[in-house]
Amino acid sequence: MKRKDSYALLVMAVLIAIFPWIVAGNEYFISIVVFLGINSIITMGLCLLMGYAGQISLGHAAFYGIGAYSSGILTTHYSFSPVMAFFLGIFFSALVAYLVGKPTLRLKGHYMAVATLGFGEIFFIAFNELTPWTGGPSGLSGIPALRFFGKTLEETAYLYLVWGFVILLLIFSLNMVNSRVGRALRAVHGSELAANAMGVDAARYKVQVFVLSAVYASMAGSLYAHFVTFISPSSFGLMPSIMFLMMVVVGGAGTIWGALLGTAVFTSLPEYLRGLEDYEVLAYGGILMFILLFMPQGILQRMQNLLNQMKQRVEKSP
Amino acid sequence: MKPPRSFVHVRENSLKMSLTSQIIQFLFSGLNVGSIYALVALGFTMIYNATSIINLAQGEFVMLGGLIMVFLTVFLQIPMYLGLILTVAAVTLLGAFFERLAIHPLRNASLLTLIIVTLAGSILFRGIAMFLWGKDPYALPPFSSSKPLHLWGATLQPQFFWVLGITGLVLLGVWFFFNRTLIGKAMTACSFNSTAARLVGINVRKMVLFSFSLSAAVGAIAGIIITPITLMEYDRGPLLALKGFAAAVLGGLGSGGGAIVAGFLIGILESLGAGLVSSGYKDAIALLVMLIVLWVKPSGLFGSAEESELKKF
């Protein structure tokens, strides 16, 4: 991890720690930041896959759903403990990601995009049709809230739990991208042929990072299921998959911080657009198109460039 | 996204029929959806040949075709033939604008960006449609009488013949365009080798623009002919695009003939699967076919392995 990253991480941790006081315990704001944390876990994984390894996934909501439904089904129908269900969810997601990823990651660019799109849609159909377990389109309710030492976790405690995950995974991811593995992933992004020639097993690394990102999404799904206690297929369909991808691209896929910034933008956007739901899809499409055309590196990189330019101008002027 | 309702009525009717006539009924409705998949697949193929881009907004052209036709003929009461021409013209223009404003400026961008820009286009089109038409599905009256016909124990709406007939005409027209006209031949040349095409004086950039316009037009026609049967709403695009793409890869991406045959094949497979196995998993059939083809033989049924070496799978 670089020094800059550690400072940013520290600032973030302090902000989250004092956040409940900033908003005076307002449950509405706290729940938004909980969702922000949950989404951040997914987009961090997606950023490793897209920004670093250069592979696209348009089906990541499927892994999010596998995590959520594993937690939901195992705790309600089979009275598993939430912790056990959490780890089983991770296991299922990793297994599916491995089995699907192995043949899919051999494909390139457009083909991989459409294959993951199809795979995500198949899982969406399965969530809808496996009614005895998932409750079908009307959803699965009565998922138990998390309890620690006999006490139910309330909003503030859940905020700390989710962001504890975010910070741990962030430290892990930042360390990873600055290690041998991270360099290997970037090599694969640059040119698979060259990476292979330098002794980097591109195919293996791609599958590994795909599985890792699926595990992240599964954790987020479990945390989501226990927070809202009701899940339905619409949270795990095509549009959520696209949303996660949009968060990464708009913030800037090149760094994990960019992905987190994009997540913050898109998690809070629907709250500004309250009452304007008819414009929502239009706004998403418009923002994504604008970013692609005018800031292809994402918002974060653009802000850094502007800052640097300003610095230079200040230094030049007498 | 909710699963689209389609041929439900066919299944309800079929409960009273014998197995043979049921299968005939499924075959007919398979041909019907199949023509739509074939047209979408053809749209994919045209753009892919000119640019090696897979246009994820292909399904949105179909959706827009259906909804604009509803607006013109149901709300403004414009006669059908005029409405058809105006709708196709409008969607063609949209396709051209999309290429000019989004694809063209990014022609030198990374592959990842090129994939995401067509995705952004599809979201944008969907957003516009949702803003203009709302979330409700719209109906379009059939082109001629709605008195059903009986054929070998199966019941057929007259619209069935319209769908097949117009699809046939479009396919014939596209074949004629690519094989008998100068522009069409120039576009074919671009798909073989765009550098060589440029060397013999073909304006490749114009051909890319044509491919998007033409593909939008074909998509619009598919939307117009299918709306009287299945209704149309703003979020129908992605699934149509996926199934059309399934047909395009099954037929061997880049091959127009293959795409058409595979489109009908997938339509029939889906209809038989929905009727005889499970209607809930109907939409998964085409997607499974697509995944299996991509995993096992990405060159498709009719594509040669040698040719596929040259493509970027």
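I take helices (H or I, at least four residues) and strands (E, at least two) as DSSP runs, numbered from the N terminus. For the expected span of a helix I use 1.5 Å times one less than its number of residues.

**Conventions.** I am working on a predicted model, in which local features need pLDDT of at least 70, side-chain atom pairs count only at pLDDT 80 or more, and totals for chains, interfaces and linings use all residues. I number residues from 1 along each chain as its sequence is written, with chains lettered from A and ligands numbered from 1 in the order in which they are written.

**Helix α13(A).** I checked its length: 15 residues at 1.5 Å a residue should span 21 Å, and the end C-alpha atoms are 21 Å apart, so the two agree. I call a residue buried if 20 or more other C-beta atoms lie within 10 Å of its own, exposed if 12 or fewer, and partly exposed in between, with C-beta atoms placed from the backbone. Among the buried residues of α13(A) I list Val281(A), Tyr284(A), Leu288(A) and Ile291(A). An α-helix has 3.6 residues a turn, so residues three or four places apart point the same way. The cover over the buried residues of α13(A) includes α11 of chain A and α5 (111-133) of chain B.

**Side of chain A that touches chain B.** I count two residues as in contact if their C-beta atoms, placed from the backbone, lie within 7 Å. On that basis 37 residues of chain A meet 38 residues of chain B. At least two residues each come from α5 (109-129), α11 (238-251) and α13 (280-294) of chain A. The most come from α5(A), with 14 residues. I sorted this side of chain A into 25 nonpolar, 8 polar and 4 charged residues. Here Ala, Val, Leu, Ile, Met, Phe, Trp, Tyr, Cys and Pro count as nonpolar, Asp, Glu, Lys and Arg as charged, and the others, Gly among them, as polar.

**Helices α12(A) and α14(A).** I looked up the axes of α12 (residues 256-272) and α14 (residues 299-316) of chain A, which come within 8 Å and cross at roughly 110°. The axes are lines fitted to C-alpha atoms, for helices over the stretch in contact, and angles run from 0 to 180 degrees between N-to-C directions. The contact involves Trp257(A), Gly258(A), Leu261(A) and Gly262(A) of α12(A) with Ile299(A), Leu300(A) and Gln301(A) of α14(A). By class I get 4 nonpolar, 3 polar and no charged residues.

**Chain A overall.** I find 14 helices and 4 strands in chain A. Buried residues are 48% of its 318 residues.
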